[in-house]
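Hello,

Here is the structure I promised to pass on. Please open it next to this email and follow along as you read.

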Amino acid sequence: MYYGSNTRKISRQKRGDLSGPIYTILMIVFVIVAAIMLYNYFQSRTSVLTTQAQISIVNPQLAGNVYSITVENIGTTPITLTSINIYPQDSQTPIVSQPLNTSLNPGQSTSIVGTSSTQFITGNKYIVVIEGQTGNGQTVAAESIAISQ
């Protein structure tokens, strides 16, 4: 009888009104909602990190005293072009310095045409520098070497 007197029956206690399948479904829903919230959080953070301003000089052409330069916004934020400067290759003094006020949305391009007070010499190299700013004040610049034709 030792065995019978030392053992006792353990009754199952109810966990409340939620049965096992309902509890499982609620846990799955909770995990899905948490995953969606984490996904949205990291998407918003990466969109801030990938926002960039970048311009590209596509086709600089110099002939006589006329220049024609195509500029494209290849970044992900709008840019306002503020100036163009053209330098002879080994000089710190620009032969063209023109202020600009042209807005470019991402993917847009524009052509800048003007004249120089100095003739471009055929065969010489010239450095073309375009500067711009974003809406939050970030300065953007692009540089290209153009050979006078």
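Let me start with a question for you: does glutamine 138 count as buried, partly exposed or exposed? Glutamine 138 counts as partly exposed, because its relative accessibility is 39% (buried is under 20% relative accessible area, exposed is over 50%, and partly exposed is in between, with a 1.4 Å probe and protein chains only).

Before going further, two notes on the source. This is a predicted model, in which local features need pLDDT of at least 70 and side-chain atom pairs count only at pLDDT 80 or more, while totals for chains, interfaces and linings use all residues. Residues are numbered from 1 along each chain as its sequence is written, and side-chain values use heavy atoms, with hydrogens and water left out.

Now the overall picture. The chain has 2 helices and 8 strands, in the order α-α-β-β-β-β-β-β-β-β from the N terminus (helices, H or I, are DSSP runs of at least four residues, and strands, E, of at least two, numbered from the N terminus). Of its 149 residues, 26% count as buried. Among contacts with a separation of 6 or more, 58% are between residues 24 or more positions apart (contact means heavy atoms within 4.5 Å).

Back to glutamine 138: this residue lies in the loop between strand S7 (125–134) and strand S8 (139–147). Setting aside neighbours within four places in sequence, glutamine 138 is in contact with Ala53, Gly132 and Gln133. Alanine 53 is 85 residues away along the chain, yet the two C-alpha atoms are separated by 8.0 Å.

Next, have a look at strand S4 (residues 79–88), where you will find asparagine 85. Asparagine 85 counts as buried because its relative accessibility is 11%. Its side chain makes a polar contact of 2.8 Å with the side chain of serine 97 (a pair of N or O atoms within 3.5 Å; within protein, one must be able to donate a hydrogen and the other to accept it, and residues adjacent in sequence count only if both atoms are side-chain atoms). Beyond four places in sequence, the contacts of asparagine 85 include Pro94, Ile127 and Val129.

Threonine 82 is also in S4, but this one is partly exposed, because its relative accessible area is 29%. Among its contacts beyond four places in sequence are Gln98, Leu100 and Glu131. Threonine 82 and valine 140 are 58 residues apart in sequence, and their C-alpha atoms are 9.6 Å apart.

Thr110, Ile112 and Gly114 make up its covered face, whereas Ser109, Ser111, Val113 and Thr115 make up the uncovered one. S6 pairs with strand S3 (residues 66–73) in the antiparallel sense, over 7 bridges (two strands pair if DSSP finds at least two bridges between them).

In the loop between S6 and S7 sits serine 116. Which residues beyond four places in sequence are in contact with serine 116? They are Asn65, Tyr67, Ile95 and Val96. Serine 116 counts as buried because its relative accessibility is 4%. A polar atom of its side chain lies 2.9 Å from the backbone oxygen of threonine 118.

Finally, tyrosine 23 is found in helix H2 (residues 20–50). Tyrosine 23 is partly exposed, because its relative accessible area is 45%.

Enjoy exploring!
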